[in-house]
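Take a moment with the sequence and the picture, then read on.

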Amino acid sequence: MLRTLRWKLTLLYLVSALGLVILLGTGSYAMLRYYFQQSTDLALQYKMATEFRLLGLPLPQNLAKSEQVWLENNPHLASTPTAASISPLVTPNPTSSGQGGSSDGEGEVEGELSPIFVVPLDSSGKNIPSPQNAPVTKIIDVSASSAAMKNGADLRTITLNTGARVRLLTYKTSLNSPAVIQVGRQLSDQDRVLNQYLTGLLILGSIASLMLALVSWWLAGRSLSPAQKAWDQQQSFVSNASHELRTPLTLMRATADFGLRAHPPQEQEEILQDIIDEADYMNRLVDDLLLLSRLDAHRLQLEREIIPISDLIAETLRQMEKLGHEKGITLAMDAAKGNIIGDRARVRQVLLILFDNALRFTAPGGAIRLSAQPSGKFIEIVVADNGSGISPEHLPHLFERFYQVRTNATNDSRSNGLGLSIAKALIEAQNGAIRIESAPGEGTRVHLFLPEA
């Protein structure tokens, strides 16, 4: 189920990311194309204004405005607006980069204007012969000339037989010769840049798509990792809980069946006691399961207060002293300083769980010691025993639910494997932390960290 969801999340992430990449790529391509067109049109209009001035013709309003914008962008030409121009009706050399001795700004302007050609036309749209513009007389658009004669001006992009595009600006003059002036610029260099940019976008887009697919799969997996972990834990929890509940129920049923037969009063009393013991075990198991359920749902009410840690440890030792004495194990408290903020009953419950575990892993004649001291913003409580210790392969799993470490010292004890998982959840619910250090034959040390008051 979660694998199918991961594929769907991956597709969602990928489509969203690709949509953003396509949007950015298309937007940047459109902006670059728009910039080329705007700069080309401005250069054509400025060139047309220059030709009008050199012919002594009054400038149309839009040409005057374009000339002003051009000069604002090139302030070094403001005092001599025709400095970057050439003789009237002369086609510039396409390879020219500026007049000799010009400044860098003037050379740059010449570079922008040099690809522009000028074609004088008569009223019928035919080229007025001139040796100077002979190389470009083939680039003439009669329909543009006719439109200019009718409307006064025309701006369009045409495509030559070779496939090259040309941007043409055509204006009608008040003269008989030339009656129409066409200025134009071939867009081959711009188209080449745009095609190269588009190719680069496609290559980068393909690489980005592959990377996005991998990243999307990883992100989907990471997003679903907590859900997958919770699902696995739930399945394991249900399976283990069912097993733990089935065992005492089976024993109770078998014991009850056995008790139905005729037995001496003493045996019947033992049978009933066995049933009570199993019922008590089931009751503890159900209580633990209910507590874990509330912790998982963050519905456990905690009553936080300032707790003197020495008093809490002493109280816990008094509760466990009798059990320690019965097993021949010494319980002792070392230095315990500081106050903590937490739920007194729940912290004591954690200490009792740790004591119970320590008693299970400590042989008669051993000792369990408690201590507490400040550690940064926390109070560190240490429960240490000199028992059998725990093998390294078990340490990463100690806080897993229903996980149990079986040794000779614990074979006779009854545990459901929920104690440490409850202890960890209770400590973390109070903004604390817990960790365990242990080695075979060297005992175990459990470190609790709770906020200092």
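This is a predicted model: local features need pLDDT of at least 70, side-chain atom pairs count only at pLDDT 80 or more; totals for chains, interfaces and linings use all residues.

H6 passes H9 in a left-handed crossing. Helix H6 covers residues 265-296 and helix H9 covers residues 419-429; their axes come within 10 Å and cross at roughly 35°.

Which residues in H6 and H9 meet? From H6 come Asp288, Leu291, Leu292 and Leu295, and from H9 come Ser421, Ile422, Ala425, Leu426 and Ala429. Sorted by class, this contact of H6 with H9 has seven nonpolar residues, one polar and one charged.

Now turn to a sheet. Strands of a sheet pair through backbone hydrogen bonds, either parallel or antiparallel. Here, four strands form an open sheet in the order E1-E4-E3-E2, and their pairing is antiparallel. Why is one side of E1 and one side of E2 left without a neighbour in the sheet? Strands E1 and E2 stand at the edges, each with a single partner strand, so one side of each has no neighbour there. From one strand to the next, the twist averages 20°.

| Strand | Residues |
|---|---|
| E1 | 116-121 |
| E2 | 153-159 |
| E3 | 165-172 |
| E4 | 180-186 |

The pairing of E1 with E4 is antiparallel and runs over six bridges. You can look for Phe117, whose bridge partner in E4 is Gly184.

H4 lies across E1, E2, E3 and E4, and runs at about 165° to E2. Helix H4 spans residues 142-151, and Ser145 is one of its residues. Is Ser145 buried or exposed? Ser145 counts as buried because its relative accessibility is 1%, and the cut-off for buried is under 20%. Leaving aside neighbours within four places in sequence, Ser145 is in contact with Leu121, Gly125, Thr170, Val180 and Gln182.

Finally, have a look at Ala439. This residue lies in strand E10, which covers residues 433-439. Ala439 and Gly389 are 50 residues apart along the chain, yet their C-alpha atoms are separated by 5.1 Å. Which residues does Ala439 contact, leaving aside its neighbours within four places in sequence? They are Ser388, Gly389 and Ile390.

Terms used: Residues are numbered from 1 along each chain as its sequence is written. Side-chain values use heavy atoms; hydrogens and water are left out. Axes are lines fitted to C-alpha atoms, for helices over the stretch in contact, and angles run from 0 to 180 degrees between N-to-C directions. Helices (H or I, at least four residues) and strands (E, at least two) are DSSP runs, numbered from the N terminus. A crossing is left-handed if the near helix is turned anticlockwise from the far one by less than a right angle, and right-handed if clockwise. Contact means heavy atoms within 4.5 Å. Ala, Val, Leu, Ile, Met, Phe, Trp, Tyr, Cys and Pro count as nonpolar, Asp, Glu, Lys and Arg as charged, and the others, Gly among them, as polar. Buried means under 20% relative accessible area, exposed over 50%, partly exposed in between (1.4 Å probe, protein chains only). Two strands pair if DSSP finds at least two bridges between them.
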